[in-house]
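Notebook open, structure loaded. I'll jot down what I look up as I go.

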Amino acid sequence: MACNTRNKYPAQVFNNENHRLNLYGDNVEVDYRGYEVTVENFLRVLTGRHETAVPRSKRLLSDEGSHILLYMTGHGGDEFLKFQDSEELQSHDLADAVKQMKEKHRFKELLIMVDTCQAATLFNQLQSPGVLAIGSSMKGENSYSHHLDSDVGVSVVDRFTYYTLAFFERLNIYDNASLSSLFSSYNPSLLMSTAYYRKDLYKRRLEEVPVTNFFGSVMETIHTDAAYKALSRRNSGRFEDEMSLDQSVHHIERRMLIKVNDGYEIHDINPEGEEGASKCPWSTFRNKFQKAENVDSLVNYGLVAMIPLLVISTWLVQ
Amino acid sequence: MAEISEAPDSDSSKLFGSDSKAPQRPDSEPEFDPKLMRKTKPGLKRLFLTFSVLFSFLLGFPFLWKSVEIYRSPLPFREIDSLSTQLRSDTLLFPLHFHALFVGFDSDPDRLRWSILSEITKLTSQNPKCSDNYTLSVTVDLGSRCLRGRTSSPHSSSYQCGSVTGGDFVQNDDVAVDERLASVFGGKNNEYSMAVVKGVSERAVVGKYRHAWMVVGDGSDVEMAVVKVAEVLIKVFINGGREEGLIRNEFMPVGADGKIVLSFNLLNADPHDWVYDWDFEKIDDTLLTPMIEALGPVANISVESQVLYHTPKASFSYWNQKLESYVFSTKDLPFFVNSNEWHLDTSIAAGGRSKILQFAVYVPSAKECPLLLQLPNGEISKTNGFISPDLENMFEVFIGQFRQLFGFKSLNVYTGASGDWNLLPSERGFTEWELDVLSRQHTCFNLHSCATTLGSLSRLVQSLPRMIIKDEIGKQVKLSLEAAKLALSNASSGVYESSAASSSQARSLAEDAFFHPSIMSVSYYSFEHCFAVYSPFFLPVSMHVVLAALRELRRYKQEKAKYLAWKAKANTAT
């Protein structure tokens, strides 16, 4: 999106009309973009089955203690999510990938947030423990965009995403907001859909889980009490001091354990102003078909018509 | 109109071919009904023609089947299942032998052995996955002679009478005593020794090798000594002196491919104030290489280092007048690591599945110097602020942290329920008995992980019958099973190092097979899809061919029946 030739602000994507925050800013690392965003790559990232040449920055380096946030937004429908206008991620594929991840201990807790039409159907088939999922709308409901940026010409943010961001903007660094406060902050009348979440697979109570469990890359730290004093027994004049080092914290970089705490985000391609209000494909599809001929029934009739033709030809030859 | 009614007959018979002659209206032979009889034997040409077409169709079918066949390398499913059940049912047993030596005590060795064993059984917790199968032998050295207790192990004690006396322990040099005892006991793999001596000053020390000793005062009871002996054998030699909860139990510092990459980073927050550098090569050669060698069986370790500039931290500190330095608390520690600015994970040597352990040394800017960390109890941490400019001290902290990842504490004292033990540190970073604990723990974990991975792989492969299984995967699975068998046999005979190495190899091969990039269910179509693709080509044509063959067969039978009827009639006439 940022490098699309029709983008008036090249290499910049904003989430608001006021252009205050550039989502492709300095500290943002986007690992998959453009034609690399496919269902296959997505499932490869989740399950970890990459080719050997794929660099570490493009892999999900999680282990048995990681908390993963999976945020998906775009077009979707009943049990699917649309990728790149040409393929779909089905709910059973996602459930299968999560099952394989759990078997290989690739996460301890997983939060899935989906912002599409009929989003809650995407995680219908999940069975693995430790997964918490929330969708912006239920089956049969649409999810809507929030507002249109007339300068750029597209809708810049969806309602569910907008209110999620608003929730986080209200917090400060030491706040201990819980996930239940996040989930209850979604107002159905403002969202114009019902945000539905599924917590039957998640064992902890939502009131006790802070949002920093998944957002913000906040790590658990353990202090090292003592140094291992074996070496000072040797002659300590061995090393000339090359520096006067006023060190600060030694802390083992446990980044790679809980690194994926925060946004592992799939940057999907946002719709380009498709009639603004509804962004579900099925209604438009259906409309088109009703106007044109019903292709399916035509095919069926053709097949059925072949049988009498066969019978007639057999009889004629006799 | 006889002619007209005749004509279709002759026409139709001409259509059918030349070998059926138009039946004349016979005048000579009575009762010849052309509809029911014929004079000549029906030919086989038509039948042959249609059946040859059908036959060629049928002949092509196996070629078609072969061309759409998917290649699946045969995986040894039964062996995988048997490995899983073997590991699940009989828990992995590591054989250990303990030898307890009492010097200067006048007690019965068998009674001592019995009381030590009863103490041990009180302390042993049931580890469901892997347990240890230990044997105990007790020797009482009375100076002039030795009383050796009954022992259930086949190990004959190699201890020579009178090698250890009370006088050895008079001086307080633990290292010298340790070396002396090492020469006496030998310290072979999986044999642990314990010496209890009556002396003047009370002391309890665990050495660097595979033995420990205890000096008890004159008035103390041998029963107290027995309790302490049992505790050190179980809590220290078997469990490694760890407690639950220090590091999460599920965390394994070794990556799935058996490698660890140690990445050392020196971070200069603000190079305008000052810039620091280090001579990493020297440190690597002298301090890190022995430790890496010692950990060889457990993990394949490689080391990298880098110096970074302009790496500010994300949290804040405040000035503390009393301490005359900037202080920040552990509350800010989770935000300390500034992932945005600190580009630590830039290793190109690390493969996709290795674990990288990042050790970072942060040099604060002049605005925040000196910088101290305050613990929740109000104390200032001893391990983070260095006044003495010694790289060695810094690396001691590194080694302390590295040991912490493996679950070992670095305080030189083990505080047990029945008293304190001094733990002698080793220049290699890990003592021999600690390495044994690691080998056993890693063997156990690796074998179980290997079995579950192979089980998952076999279930996955069986659930997708149309997925291609490459030869590479089959080979990896076979090699993994062989390595696992080798590890099991080595573990049960007590050779820990090679069993740890084989088990790590087994696990890494199993992970390679499971994470092979070709196992993606999205790329393979179901059988229904294949049928739907090929049936529009072949079904209509094959239907016609089969129908034609059947029709010809039926016609042939009819003509044959007609001929036979005529023959019968002719025979009856003549």
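This is a predicted model: local features need pLDDT of at least 70, side-chain atom pairs count only at pLDDT 80 or more; totals for chains, interfaces and linings use all residues.

Where in chain A does A:Asp85 lie? I found A:Asp85 in the loop between strand 3 (80–83) and strand 4 (87–90) of chain A.

I looked up A:Asp85 for its backbone. Its phi is near 65°, positive although the residue is not glycine. A:Asp85 counts as exposed, because its relative accessibility is 65%.

A:Gln118 also has a positive phi, near 50°, and is again not a glycine. I traced A:Gln118 to the loop between strand 5 (109–115) and strand 6 (131–135) of chain A. Buried or exposed, this A:Gln118? Buried, since its relative accessibility is 15% and the cut-off for buried is under 20%.

**Chain B, overview**

I count on the assignment here: 12 helices and 14 strands in chain B. Chain B has 574 residues, and 48% of them count as buried. I also checked how far its contacts reach along the sequence. Taking contacts between residues at least 6 apart, 75% join residues at least 24 apart.

**Helix 4 of chain B**

Helix 4 (residues 109–123) of chain B has 15 residues. From first C-alpha to last I get 21 Å, close to the 21 Å expected at 1.5 Å a residue. Which of its residues are buried? My list for helix 4 of chain B reads B:Pro109, B:Leu112, B:Arg113, B:Ser115, B:Ile116, B:Glu119 and B:Ile120. A reminder for reading such lists: an α-helix has 3.6 residues a turn, so residues three or four places apart point the same way.

**Helix 9 against helix 10, chain B**

Next I took helix 9 (residues 432–463) and helix 10 (residues 471–493) of chain B, which pack at about 150° with their axes 11 Å apart. Angles over 145 degrees count as roughly antiparallel, so helix 9 of chain B is roughly antiparallel to helix 10 of chain B. Their crossing is left-handed.

Which residues meet here? From helix 9 of chain B I noted B:Leu447, B:Cys450, B:Leu454 and B:Leu457. Facing them in helix 10 of chain B are B:Ile473, B:Val477, B:Ser480, B:Leu481, B:Ala484, B:Ala487 and B:Leu488. Sorted by class, the contact of helix 9 with helix 10 of chain B has 10 nonpolar residues, one polar and no charged.

I then picked out B:Ser480, which sits in helix 10 of chain B. B:Ser480 is buried, at a relative accessible area of 0%. Skipping residues up to four places away in sequence, B:Ser480 touches B:Cys450, B:Leu454, B:Ala506, B:Leu509 and B:Ala510.

From the other helix I took B:Leu457, in helix 9 of chain B. B:Leu457 is buried too, with 1% relative accessibility. Leaving out neighbours within four places in sequence, B:Leu457 is in contact with B:Ile473, B:Val477, B:Ala513, B:Phe514 and B:Ile519.

**Helix 6 against helix 9, chain B**

Helix 6 (residues 222–238) and helix 9 of chain B pack at about 65°, axes 9 Å apart. That makes helix 6 of chain B roughly perpendicular to helix 9 of chain B. Helix 6 of chain B brings B:Val236, B:Phe237 and B:Ile238, and helix 9 of chain B brings B:Trp433, B:Val437 and B:Arg440. By class, I have five nonpolar, no polar and one charged in the contact of helix 6 with helix 9 of chain B.

Note on methods: Residues are numbered from 1 along each chain as its sequence is written. Chains are lettered from A and ligands numbered from 1 in the order in which they are written. Side-chain values use heavy atoms; hydrogens and water are left out. Axes are lines fitted to C-alpha atoms, for helices over the stretch in contact, and angles run from 0 to 180 degrees between N-to-C directions. Helices (H or I, at least four residues) and strands (E, at least two) are DSSP runs, numbered from the N terminus. Angles under 35 degrees count as roughly parallel, over 145 as roughly antiparallel, 65 to 115 as roughly perpendicular and the rest as oblique. A crossing is left-handed if the near helix is turned anticlockwise from the far one by less than a right angle, and right-handed if clockwise. Contact means heavy atoms within 4.5 Å. Ala, Val, Leu, Ile, Met, Phe, Trp, Tyr, Cys and Pro count as nonpolar, Asp, Glu, Lys and Arg as charged, and the others, Gly among them, as polar. The expected span of a helix is 1.5 Å times one less than its number of residues. Buried means under 20% relative accessible area, exposed over 50%, partly exposed in between (1.4 Å probe, protein chains only).
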